[in-house]
Amino acid sequence: MDLDTTPALLVDRDILDRNIARMAQSAASRGLSLRPHAKTHKCSEIGRRQLGAGARGLTVATVSEAEVFADEGFDDLFVAYPLWVDAARGARLRALADRVRLTVGIDSATGARQLVEHAGTAIGVLIEIDSGHHRTGVLPEQAGTVASTAREAGLDVRGVFTFPGHSYAPDAPDSAAREEADALAAAAASLRAVGIEPTVISGGSSPTALLDVPTVATELRPGVYVFGDAQQLELGAVSESDIALTALATVVSARDEVVVLDAGSKVLGADRAAWATGYGRILGEPDARITALSEHHATVQWPEASTRPRLGDRVRVIPNHVCNAVNLADELITVSGDAVVERWKVAARGCNT
């Protein structure tokens, strides 16, 4: 591969397009809209590929991500976060709502009133519910109370949403998907009980999005599926042939079964779930594990002597959590086979506000 230096994030364009098509086809076959979470890729070229495959719009995590994608021409955006809106953020939301169809999350009556005070009523809202992740969101049965307050304040209440983040654990995706389905049904009923018909019932995560679980959901919002990562591998949500993003790294030190690479936590991110078997994987080497990360070093236990690389060799690393790795990069280098095709800017890198 003709690259001058490492580390670098590579995206296999053919696998990427296959992953995008598979999720789009799966959602369509179940009558579900797809609104992918762009916090994973932060890249307009990938967002356009998702819309081209049938996605109805994009999900983002922050107002600044929404601003970047609006600048890139995306006109239907959902900020999937219970925003606390002050005067400065309200002004930004009003400006966005003048350019795009904007929806934001709320999970309290106070948050709804704060949104109206500082951003007005030209913004749609979805009520966030807790479907088992126990992070943000009201209990499903309380969604109607928040929705009623939001409606009285003048907001366009479009429905409910949740994130089944408890699917990120071994043997958990199926049960998490079923709990999510029950929670969304209860939340939708809670809105109907106060006279609000939810036109959007939104959920989904990459570990659960392809599972065919009966649900009242109308929309899915997976993100990681475009690339895959080591977490998805260990959960069984993807196979290695589905991994589209890797970090190209060079061996800078080697001793016995230990190999050290030049891609550390400032390239791969430092996430390691309690159940994960390492800080990342090596593409094509199922028994190799990154056992330690420093800022610029990845220490790899490489038991297979016949495939163990030598000093100066290059290997491809599968990050544990691809969203973090992308947010640390300025660009994604797209490849087809061993040929470099294009370089795509990570346009929303560092957009945390």
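Two strands count as paired if DSSP finds at least two bridges between them. With that in mind, here are some close-up views of this predicted model.

**View 1. Strands S10 and S11 pair in the antiparallel sense.** Strand S10 covers residues 245-255, and strand S11 covers residues 258-261. The two are joined by 4 bridges. To find your way in, look for Arg255, whose bridge partner in S11 is Val258.

**View 2. The turn of the hairpin made by S10 and S11.** Here 2 residues sit between the strands. Take a look at Asp256, which has a positive phi near 55 degrees.

**View 3. S11 also pairs with strand S14.** S14 spans residues 298-301, and its pairing with S11 is antiparallel, over 4 bridges. Leu261 has Ala298 in S14 as its bridge partner.

**View 4. Arg221 in its loop.** This loop lies between strand S9 (219-220) and helix H8 (230-235). Is Arg221 buried or exposed? Arg221 has a relative accessible area of 6%, so this residue is buried, as the cut-off for buried is under 20%.

**View 5. The surroundings of Arg221.** Leaving aside residues up to four places away in sequence, Arg221 touches several others, among them Arg35, His37, Phe78, Phe161, Thr162 and Gly203. A polar atom of the Arg221 side chain lies 2.9 Å from the backbone oxygen of Thr162. Ala38 is 183 residues from Arg221 along the chain, yet their C-alpha atoms are separated by 9.3 Å.

Terms used: Residues numbered from 1 in each chain as written. Predicted model: local features only at pLDDT ≥ 70, side-chain atom pairs only at ≥ 80, totals over all residues. Heavy atoms only, no water. Buried < 20%, exposed > 50% of the residue type's maximum accessible area, 1.4 Å probe, protein only. Contact = heavy atoms within 4.5 Å. Polar contact = N/O pair within 3.5 Å; in protein donor to acceptor, adjacent residues only side chain to side chain.
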